Amino acid sequence: MVKDKIRHLYELLVNPLGTTVVFLMMVITVYSVIRRYFLRDPDLWAFSITYWIFGIMFLFGCGYAIYYGIHTSVDIIYNKVSRNGKLILETIITLSYLIPAILLIPHAINYAWRSTIAGERDVTIPVISPPVWWYKWILLISLILIIPAAILGYVKKFKEIRQSESLKR
């Protein structure tokens with residue numbers, strides 16, 4: 001089925017990417033701590049790099065949390081409503097992710113494009129002044145990834161609700 005292929009592709013992309021980002025952040029943080037506390041020679045770039053990596057992790061984590069349903073929810077209300085109420089709540093929750101993501105995409109394109117054209121650099125690290133225009137594209141990519149995550153997560157949750165209600169009967 002097409003939906004299963006999309007879900008499999010999404011899982012193939014998101015899981016290794018998340019693992020790589022967390023590992024990279026850990027290595028840079030350990031390197032920075034060793035350099036600062038043991039060699040008494042702090043790095044100028046390590047904080048900025050870990051800041052960027054955390055931002056990437058957070059942005060990609062949004063789609064991941066939506067897809068796997070590990071975001072925050074209020075079970076007190078959710079568990080008290082009927083099957084139809086749960087479906088309505090899931091629809092509202094999904095639309096609360098989906099609509100802002102779709103509406104923000106044109107702005108994210110403009111934001112990333114302007115930064116790319118300007119060749120934007122991080123002036124807080126004067127020694128190397130690394131380019132940051134590429135980082136602006138991460139926002140756009142994460143917004144785009146929220147769309148299939150929200151749709152696939154909704155379909156998954158919809159099936160779970162229908163199955164759990166049929167098991168109760």
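**View 1. E160 and K157 sit about one helical turn apart.** E160 and K157 are three residues apart in helix α5, so about one helical turn separates them. Helices are DSSP runs of H or I with at least four residues, strands are E runs of at least two, and both are numbered from the N terminus. The two side chains meet in a salt bridge, at 3.9 Å from N to O. A salt bridge here is a side-chain nitrogen of Lys or Arg within 4 Å of a carboxyl oxygen of Asp or Glu. E160 is partly exposed, with a relative accessible area of 38%. K157 is also partly exposed, at 28%. Buried means under 20% relative accessible area, exposed means over 50%, and partly exposed lies in between (1.4 Å probe, protein chains only).

The model is predicted: local features need pLDDT of at least 70, side-chain atom pairs count only at pLDDT 80 or more, and totals for chains, interfaces and linings use all residues. Residues are numbered from 1 along each chain as its sequence is written, and side-chain values use heavy atoms, with hydrogens and water left out.

**View 2. A salt bridge joins E120 and K136.** Their side chains meet at 2.8 Å, N to O. The pair links distant parts of the chain, 16 residues apart. E120 lies in the loop between α4 and α5, and K136 lies in helix α5. E120 is partly exposed at 30% relative accessibility. K136 is buried, at 12%.

**View 3. D41 pairs with R35.** The closest N and O atoms of this salt bridge are 2.7 Å apart. D41 is partly exposed, with a relative accessible area of 36%. A search of the whole structure finds three salt bridges.

**View 4. The largest pocket has a volume of about 310 Å³.** Of its 18 lining residues, I66, G69, H71, E90 and K157 are the closest to its centre. Elements giving two or more residues to the lining are α2 (46–68), α3 (75–78), α4 (83–118) and α5 (133–168). The largest share, six residues, comes from α5. A pocket is an open set of points on a 1 Å grid over the protein atoms alone, where a 1.4 Å probe fits, with protein on both sides within 12 Å along at least five of seven lines; lining residues have an atom within 4 Å of a point. Volume is the space filled by probe spheres set on the points.

**View 5. The pocket lining by class.** The lining of the largest pocket has eight nonpolar, five polar and five charged residues. Ala, Val, Leu, Ile, Met, Phe, Trp, Tyr, Cys and Pro count as nonpolar, Asp, Glu, Lys and Arg as charged, and the others, Gly among them, as polar.
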